[in-house]
Amino acid sequence: MLPVIALVGRPNVGKSTLFNRLTKSRDALVANYAGLTRDRKYGEADIDGHKLLLIDTGGISGGEEGIDAAMAEQSMLAIEEADIVLFLVDSRAGLTPADEMIAKRLRIRSKPTLLVANKVDGVNPDIALAPFYELGIGELFPTTATHGRGVRTLMQRVVEGL
Ligand code: GDP
Ligand code: MG
């Protein structure tokens with residue numbers, strides 16, 4: 001069984017972009033992994049020879065106030081399966097109530113979590129990233145998933161944490 005890394009966060013923060021970059025669209029053969037559901041998207045990544053199983057999730061939707069129960073459920077199940085959670089937020093959009101809700105759930109689970117501030121292209125990191133430290137998630141990794149900036153540093157930290 002490979003170490004499992006779940007990508008969670010509200011919709012449109014860049015989870016699938018990061019997933020595709022890391023897995024290079026190598027879909028994992030879910031059938032090879034006992035105990036994993038087929039409801040979520042899995043892919044294999046190779047970080048300096050460390051093989052990982054990534055889970056992409058649909059995210060938590062339903063606007064800023066509400067939470068779509070089915071999507072939230074999927075995210076929570078992915079968190080349960082994960083050894084390490086990558087919690088993505090959008091640096092451009094800033095901190096949202098949905099981010100705060102997910103952070104609360106992660107704190108309750110107390111899973112090893114890295115906070116990924118994606119879409120740092122075109123923002124001043126000193127200003128844009130400050131609010132995310134309030135989430136109390138710990139280490140924050142700025143990334144640009146579309147171009148790969150910061151992704152290597154993030155994934156090296158993931159591998160160290162295994
Ligand atoms: P998901 O809903 O969390 O899976 O988000 P997606 O991966 O589908 O990305 C949502 C949108 O954000 C897409 O149009 C991506 O191209 C865009 N996006 C993802 N990462 C970045 C980034 O680092 N910078 C910018 N500017 N756009 C990004
Ligand atoms: Mg997606």
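This is a predicted model: local features need pLDDT of at least 70, side-chain atom pairs count only at pLDDT 80 or more; totals for chains, interfaces and linings use all residues.
Q: What makes a residue count as near a molecule?
A: Its C-beta atom, placed from the backbone, lies within 6 Å of that molecule.

Q: Which residues come nearest to ligand 1?
A: G14, K15, S16, T17 and A145. They belong to a group of 15 residues around the ligand.

Q: Which element gives the most to that shell?
A: Helix α1, with 3 residues. Helices (H or I, at least four residues) and strands (E, at least two) are DSSP runs, numbered from the N terminus.

Q: Where does G14 lie?
A: In the loop between β1 and α1.

Q: Buried or exposed?
A: G14 is buried, because 21 other C-beta atoms lie within 10 Å. The cut-off for buried is 20 or more; 12 or fewer is exposed, and in between is partly exposed, with C-beta atoms placed from the backbone.

Q: What is G14 in contact with, beyond its sequence neighbours?
A: Leaving aside residues within four places, G14 contacts L88, N118, K119 and A145. In contact means that the two C-beta atoms, placed from the backbone, lie within 7 Å.

Q: How many residues apart are G14 and K119 in sequence?
A: They are 105 residues apart. In space, their C-alpha atoms are 7.8 Å apart.

Q: New topic. How many helices and strands are there?
A: The chain has 5 helices and 6 strands. From the N terminus, the order is β-α-β-β-α-β-α-β-α-β-α.

Q: And how much of the chain is buried?
A: Of its 162 residues, 38% count as buried.

Q: What about contacts across the sequence?
A: Take the contacts between residues at least 6 apart in sequence. Of those, 68% join residues at least 24 apart.

Q: Back to α1. Which of its residues are buried?
A: K15, L18, F19, L22 and T23. Seen down the axis of α1, these fall within an arc of 115°, so they line one face of the helix. The arc is taken over the directions from the helix axis to the C-beta atoms.

Q: What covers them?
A: The cover includes β1, β2, β3, β4 and α5.

Q: OK, β1. How many of its residues are buried?
A: 4 of its 5 residues are, and the strand is mostly covered.

Q: Which strands does β1 pair with?
A: β3 (residues 50-56) is one partner, parallel over 4 bridges. β4 also runs parallel to β1, joined by 4 bridges. Pairing needs at least two bridges found by DSSP.

Q: Which residues stand opposite each other?
A: A6 stands opposite I55 in β3. V8 stands opposite F87 in β4.

Q: What else does A6 touch?
A: Beyond residues up to four places away, its contacts include T57, A78, I79 and L86.

Q: Last one: α5. Which residues are buried there, and which are exposed?
A: L154, M155 and V158 are the buried ones in α5 (residues 151-160). Their arc is within 90°, so they line one face of the helix. On the other side, R152, T153 and E160 are exposed.

Q: What does the buried side pack against?
A: The buried residues of α5 pack against β1, α1, β2, β4, β5 and β6.

Technical notes:
Residues are numbered from 1 along each chain as its sequence is written. Chains are lettered from A and ligands numbered from 1 in the order in which they are written.
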